[in-house]
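Please brief me on this structure. Keep it short and group the points by topic.

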Amino acid sequence: MKFAVIQFPGTNCEIDTAYILKDLLEQEADIIWHMQDDLSSYDLVILPGGSSYGDYLRTGALAKFSPIIEAIKKHAEQGKLVLGICNGFQILTEIGLLPGAFMKNQNLKFIGDDLFFKVINNSTPFTSSYSKEQILKLPVAHLEGNYYIDSDQLKELQAQNRIVLRYCNSQGLCSEQANPNGSVDNIAAVLNERGNVLGMMPHPERMAEEILGGQDGLGFFQSILEYHKERKEQ
Amino acid sequence: MKFQGKIKIKLRPSILDPHAHATMKVLQTQGYSNVESLLIGKFMEVVVEAPSLEEAENLIHLLCQEVLTNPIMEDYELEVREV
Amino acid sequence: MKFQGKIKIKLRPSILDPHAHATMKVLQTQGYSNVESLLIGKFMEVVVEAPSLEEAENLIHLLCQEVLTNPIMEDYELEVREV
Amino acid sequence: MSKTAWQEMGLTDSEYARILELMGRQPTLPELGMFAAMWSEHCSYKTSKPVLSLFPTEGPRVLQGPGENAGVIDIGDNIAVAFKVESHNHPTAIEPFQGAATGVGGIIRDVFTMGARPIAALNSLRFGDLKLDRTRYLLNGAVEGIAFYGNTIGVPTVAGETWFNPSYNGNPLVNAMCVGIIEDGKIFKGVAKGKGNTLMAVGAKTGRDGIHGATFASEEISEDTESKRPAVQVGDPFTEKLLLEACLELMQSDAVVGIQDMGAAGLTSSSCEMASRGESGIDFDVTLVPQREEGMTPYEILLSESQERMLVAVHKGREDEVFKIFEKWELDAAIIGTITDDNLVTVRENGEIVAQIPSRFLTDEAPVYYNEAKRPEYLDQAEKFDPMTLPEPADYTQALIKLLQSDNICSKEWVYRHFDTTVGTSSVIRPGSDAAVLRLKNSRKGLAMCLDCNSRYVYLNPFEGGKIAVAESARNVVCSGAEPVAITNCLNFGNPDKPEVFYTFKQAVTGMAEACRALDTPVTGGNVSLYNESPDGAVYPTPTVGMMGVLEDIDQATTSAFKNTGDLIYLIGQSQDELGASEYLANAFELNTGRVPKLDLAKEKQVQKTVLRAIREKLIKAAHDCSEGGLAVALSEMAVQADLGFKVELND
């Protein structure tokens, strides 16, 4: 499987993500500079975490002009998989591939910590190797993680089962106290209507090895590989 | 000709602004009990080159929708005048 | 009586604004070459209870210096009127 | 030349007389500014140099010792580690967010200018009484500034300390440390040599921010400093991320002769130091330096401390490679001059010479002062104080709880939770244990690091306190499974012209040097920050120590948390009745006094070697050093981190 890991000026998790794909999972992965405009030879596009353009003006706001954006949109329109992690998720909302918008965390402070997440939808190309309602422990590192969506769109997401992860406590309760940043309905990961574009706030690439504290994040990558294997067999 | 656009950007009314909310709490703890409400937004001043006032307005509106604001959560007001 | 204060906050001269700088660079390289300058600041609208216009102005100036602005980095303009 | 001109810049009358003697004429305004910046304590170490010579700086692993932008050590497997700590105390006291943020930005530049990719940042934060609004304002600003810079540029903040004491009320200390790795053996130096080679200014544009930064850092903070406030330096981590990647990409080729970041005293210190190290001259025109503001004078351009800028000496004919790389990263790059062999620093404005000074006048000829030292009286009272005269606590449990809840001992998660501690996927041990441990992607080895100091000990016994500062940081690294190998340090002291302060400074450095020799941890560089005083007096003498440790195998990484029920607890080393200068006395009786515990360096070395061997042979699952709060706090911390309990008997 061939992965494209997009690098905008200011992205800083592209090396970490490529490391998991190449060194851990022995997959083909290229880091693509934002000025390129062709992704046709790639199976999956990852927009990794970081601070594209310094998160200046609004997180992800300045990335929408890069030539690579059209190629990402075309990739998604062809039904291929797109995964946005943290800053990548913010960019996907700014370019309209995912609904909603991000504001500063409610306490106005950056949060760098391991938090608990409940798998709400495990029948997606990104989460099939997890069990339903499974509780994951994954690192977060963001200042603008306060996900906003209006009430109509929220009902739509709930009805179409497009909320993939929600912030919860260690017992799996998606309570107000377990909400670290004020996101509507504790939303932490969202799928597009077609089901091939996922945006998630936690960093799975930082929790894929026991030595770093656990492998709860590995499942996202394994699910993608599984999905790709099945499609190739058809 | 040169035109200056003054843009006022506010969060849409239905959205709780974390910045204003936190600042109101600080005002209360500092003893400013006679402050009833606070609204915080961004303002921008942009200078553009354009053949006419109307085209300057169109250009700045485009800038607002494309980059300077996020229509999902922000509203904006624009005033343009020649400089 | 109730008074509304409109506050415009800008960075002091010769202090670098990385946000405006980065935004300008993107605009100019991505086809908006007719944008000449961009200034980004904050604006605030505060409603206070005060016996007179003059006292309302004094109160809001105090709020600005103590809480709402960072005098080391920012200058501000204030307009107060009765609501 | 109005008399106050050179005094305004921080030069003494005798120093000005020396300048006249050297130059044989009156200096121009830009020349005077260059002398004032280069002869400030911050750049010349004129008062501290005689004392710094006490430090051991050589060792089998040391590839680059003091005198360059950062120290470099060899840790085997063809990997070198660049690291250094620097202070940004005075800017933080004026504008905490930008002051602390630019401190992080500056130290990261010092590391990647050596050719190393930054992999970790650490910070030591010392603030006044937490009950004061001013302290909370400064601390909140500093933490947010450090978080903003480090998180945005993508360097994980993995360790450090936060400590509170009234002596820092008027003058907080913010020491920032950075660690980077070089994997291709190529170390770059801040040197300009080779007649005809090109001098280029790259990175951000130059503005009027921070002019007088260097001389400003060498003055006490007083009422009139408020008025002399220079335009605040603003940090731009996004531009620095581009600068970091552009420089590392440029350093893959051999186009670069030498490179240095523009830190304190900006273009002046970088150009003069590079020329002086290269034993060559440089000739540049300030109008060619990319500028962000109109009408800047040569003086302002020479002394501006705008951030995120580097000075590069490039081989003749290789300039296009620099332009191509910096264009890709959307950064400015401009040829501003050439290297000469006349050992002169020649500064032009549109071709016309505005300053011309032999580079050694600015570096080697900087004055050196041998200050008078006088033992402060308070040390004798402290020695005599007998803690046994104090009442025993009525309720030992309450006494322990009070200690555990105190600002200095409680968990600092409320600080480090605002930092990104995991970017880089290398953080094996994150903040909260004795030291941070990072894995290396191309080696089984690991790196341990910490940054701390017990400044109360140094205040009450500078010599013993200095020894303990090094020994305790070595202990922290050993408890994490690593062998201590080298240190950097930031010597934060008061006004050295006061004999008592200079005595404390000299004694502390002497003690540190002795411990460095005994524990085989040479000093590879660091920073001196003097004049840390405010109207109500000097800060506690604070030599923060940044210790580097190497793990043979990353699997030997050990945290201080207890692991399993039923495990046995061993106390290694003898306990003495040494309650003097303890956190307990300060916490329970608000007493900052008493005899500082004596440290036997030979025994310390033995304990550390034994514990490290036991960890490497898998006999030890958790290790923690007894520091502030003593045994009771150490055991409690090990238990709290593991959600476990412990049972111990204290027989006499």
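D:Asp133 and D:Arg136 both sit in helix H8 (residues 133-153) of chain D, three residues apart, about one turn of the helix. Helices here are DSSP runs of H or I with at least four residues, strands are runs of E with at least two, and both are numbered from the N terminus. This is a predicted model, in which local features need pLDDT of at least 70 and side-chain atom pairs count only at pLDDT 80 or more, while totals for chains, interfaces and linings use all residues. Residues are numbered from 1 along each chain as its sequence is written, chains are lettered from A and ligands numbered from 1 in the order in which they are written, and side-chain values use heavy atoms, with hydrogens and water left out.

**Salt bridges**

- The side chains of D:Asp133 and D:Arg136 meet in a salt bridge, 3.9 Å from N to O. The term means a side-chain nitrogen of Lys or Arg within 4 Å of a carboxyl oxygen of Asp or Glu.
- D:Asp133 counts as exposed because its relative accessibility is 54%. D:Arg136 is partly exposed, at 45%. The cut-offs for relative accessible area are under 20% for buried, over 50% for exposed and in between for partly exposed (1.4 Å probe, protein chains only).
- D:Lys605 forms a salt bridge with D:Asp520, and their closest N and O atoms are 3.0 Å apart. D:Lys605 lies in helix H23 (residues 601-616) of chain D, and D:Asp520 in the loop between helix H21 (499-518) and strand S18 (523-529) of chain D, so the pair ties together parts that are 85 residues apart in sequence.
- D:Lys605 is partly exposed, with a relative accessible area of 21%.
- Over all chains, a search of the whole structure finds 62 salt bridges.

- B:Lys6 forms a salt bridge with B:Glu45, with the closest N and O atoms 3.9 Å apart. This pair links distant parts of the chain, 39 residues apart: B:Lys6 is in strand S1 (residues 2-11) of chain B, and B:Glu45 is in strand S2 (residues 35-49) of chain B.
- B:Lys6 is partly exposed at 28% relative accessibility. B:Glu45 is buried at 10%.
- B:Lys6 and B:Glu45 also belong to one network with C:Lys8 and C:Lys10, joined by salt bridges that share partners.

**Where chains meet**

- Five pairs of chains touch, and the most contacts are between chains B and C. Contact means heavy atoms within 4.5 Å.
- No contact joins chain B and chain D. Their closest C-alpha atoms lie 10 Å apart.
- The contact of chain A with chain C takes five residues from chain A and nine residues from chain C.
- Chain A and chain C bury about 730 Å² between them, 78% of it on carbon and sulfur atoms. Buried area is the accessible area (1.4 Å probe) that two parts lose on being put together, summed over both.
- Across the interface of chain A and chain C, the rule finds zero salt bridges. One residue pair is in polar contact there, both at pLDDT 80 or more.
- By class, the side of chain A that touches chain C has five nonpolar, no polar and no charged residues. Ala, Val, Leu, Ile, Met, Phe, Trp, Tyr, Cys and Pro count as nonpolar, Asp, Glu, Lys and Arg as charged, and the others, Gly among them, as polar.

- A:Asn12 lies in the loop between strand S1 (2-7) and helix H1 (14-24) of chain A. A:Asn12 is buried, at 10% relative accessibility.
- A polar atom of the A:Asn12 side chain lies 3.2 Å from the backbone oxygen of D:Thr152. A polar contact is a pair of N or O atoms within 3.5 Å; within protein, one must be able to donate a hydrogen and the other to accept it, and residues adjacent in sequence count only if both atoms are side-chain atoms.
- Beyond four places in sequence, A:Asn12 touches residues including A:Gly49, D:Asn151, D:Lys241 and D:Val423.
- D:Thr422 lies in the loop between helix H18 (413-416) and strand S14 (427-429) of chain D. D:Thr422 counts as buried, at 8% relative accessibility.
- The side chains of D:Thr422 and A:Arg206 make a polar contact at 2.7 Å.

**A buried residue in chain D**

- D:Asp110 is in helix H7 (residues 96-112) of chain D. At 4% relative accessibility, D:Asp110 is buried.
- Leaving aside neighbours within four places in sequence, D:Asp110 is in contact with D:Asn69, D:Ala70, D:Lys84, D:Glu86 and D:Asp261.
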